[in-house]
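Biologist: I have a model open and want to learn how to read it. Can we go feature by feature?

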Amino acid sequence: MEAFDPAELPELLKLYYRRLFPYSQYYRWLNYGGVIKNYFQHREFSFTLKDDIYIRYQSFNNQNDLEKEMQKMNPYKIDIGAVYSHRPNQHNTVKLGAFQAQEKELVFDIDMTDYDDVRSCCSSADICSKCWTLMTMAIRIIDRALKEDFGFKHRLWVYSGRRGVHCWVCDESVRKLSSAVRSGIVEYLSLVKGGQDVKKKVHLSEKLHPFVRKSINIINKYFEKYALIDQDILGNKESCDKILALAPETIHDKLQEAFQKHHNSLQRWEKVKKIARCPNNIKNDKCGPWLDCEIMLQYCFPRLDINVSKGINHLLKSPFSVHPKTGRISVPIDLQKVDQFDPFTVPTISSICHELDAISTNEKEKEENKAESDIKHRTRDYKKTSLAPYVKVFEQFLENLDKSRKGELLKKSDLQKDF
């Protein structure tokens, strides 16, 4: 992937917003079929401009308005907020207290920095292919639960552009959920609890909830390669001590003995499981019945930012925004190919702008300044670049939303006929 130079960003953004941003699909998404009057017009957008200038409460009449403003401002970052009771750009003219956030997609934000206590390859904003597996597991676990446990149909997963992933749950009923219900959903999906001072962050009850069992089954598929080989979680004294701290003191001696006899993570983990599952240890209350599962969950289970999900007025970075530090585009992730998704092959703004330049040089674009030809370009330009497959994933998501909406409308009209 082509190196990204932040100094080039202002010029690249101009080209990106003029020729490559998928406006029609983006508007189609946030307009939700135009079924609810003023739904798009009452949506808050916020732009972060050069030098961290932050503008909240932007709103637009239609797709054309949004395009003009984005091409005028060339934002470094775009965030999407709630649908309000009034147009956000007129919030200052509304009587105090009347301007209220009414609806928003249920969103989840999973950030790699929240796993710093359990990953050894990288820390803070850095990621590599070894720790990216954490995001793969997070998508698999959370998406399964949203789909099967809650019955949510329309889930858009997006790469943040740097070190994490976001999920937008867009079902009509979900967008109307109260903050309290959102909190309940996040609570259900949270197993790792406690701040930096808390060593043992996962405590399972004797009878495992099906959500926990299914999550462990997913982690099992990745655990050996991810935790025992790539992260080598029992590879040295320091990492063994971390695991010891999660076990009851009553079995420390047995574990220490096993760690001295065996010298690699794979063998040591087999011993941890054997000791943890020993009927005598469980029977004599020396350790709970799920110690090995608790360790697996602490090292691999998704860590959600609760505040992002529960607040209706909370802003979240928009799909197809550009990350100003890496230059990578926030692209949708194909749920059929989660295991193959590689953040390091995601197109950067430099790579797609240069791809476009190369094509433009070959095609003599004499009419580029004509408005009509510019519109024609926009509808197809991204298709000539490596952004195309990601827009296709987005279009498939929109297609399913449309089908579902039409199905609901048919159901309603059939019910009315019955009366």
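**Cysteines, a loop, a tryptophan and a helix pair**

Modeller: Start with cysteine 128, which counts as buried at 18% relative accessibility. Buried means under 20% relative accessible area, exposed over 50%, partly exposed in between (1.4 Å probe, protein chains only). Keep in mind that this is a predicted model: local features need pLDDT of at least 70, side-chain atom pairs count only at pLDDT 80 or more, and totals for chains, interfaces and linings use all residues. Residues are numbered from 1 along each chain as its sequence is written, and side-chain values use heavy atoms, with hydrogens and water left out.

Biologist: How many disulfides does a search of the whole structure find?

Modeller: The general idea: a disulfide is a covalent bond between the sulfur atoms of two cysteines. Here the criterion is a pair of cysteine sulfur atoms within 2.5 Å. The whole-structure search finds 0. For cysteine 128, the closest cysteine sulfur belongs to cysteine 122, at 3.6 Å, too far for a bond. Cysteine 170 is in no disulfide either; its nearest cysteine sulfur, in cysteine 167, lies 8.0 Å away.

Biologist: Is cysteine 170 buried or exposed?

Modeller: Buried, with a relative accessible area of 0%. Cysteine 170 is also among the residues touched by tryptophan 29.

Biologist: Where is tryptophan 29 found?

Modeller: In helix H2, residues 23–31. Helices (H or I, at least four residues) and strands (E, at least two) are DSSP runs, numbered from the N terminus. Tryptophan 29 is buried, at 0%. Contact means heavy atoms within 4.5 Å. Leaving out residues up to four places away in sequence, tryptophan 29 touches residues including Trp168, Pro319 and Phe394. Tryptophan 29 and phenylalanine 394 are 365 residues apart in sequence, yet 9.1 Å apart in space, C-alpha to C-alpha.

Biologist: What about the loop between helix H7 and helix H8?

Modeller: Glutamine 231 sits there, between H7 (210–230) and H8 (237–244). Glutamine 231 is buried, at 4%. Its side chain reaches the backbone nitrogen of serine 120 at 2.7 Å.

Biologist: At what angle do helix H10 and helix H12 pack?

Modeller: Two packed helices are described by the angle between their axes and the distance between the axes. H10 (residues 265–276) and H12 (residues 291–300) pack at about 135 degrees, with axes 8 Å apart. H10 and H12 are therefore oblique to each other. Angles under 35 degrees count as roughly parallel, over 145 as roughly antiparallel, 65 to 115 as roughly perpendicular and the rest as oblique. Trp269 of H10 and Ile295 of H12 are among the contact residues.

Conventions. Axes are lines fitted to C-alpha atoms, for helices over the stretch in contact, and angles run from 0 to 180 degrees between N-to-C directions. A polar contact is a pair of N or O atoms within 3.5 Å; within protein, one must be able to donate a hydrogen and the other to accept it, and residues adjacent in sequence count only if both atoms are side-chain atoms.
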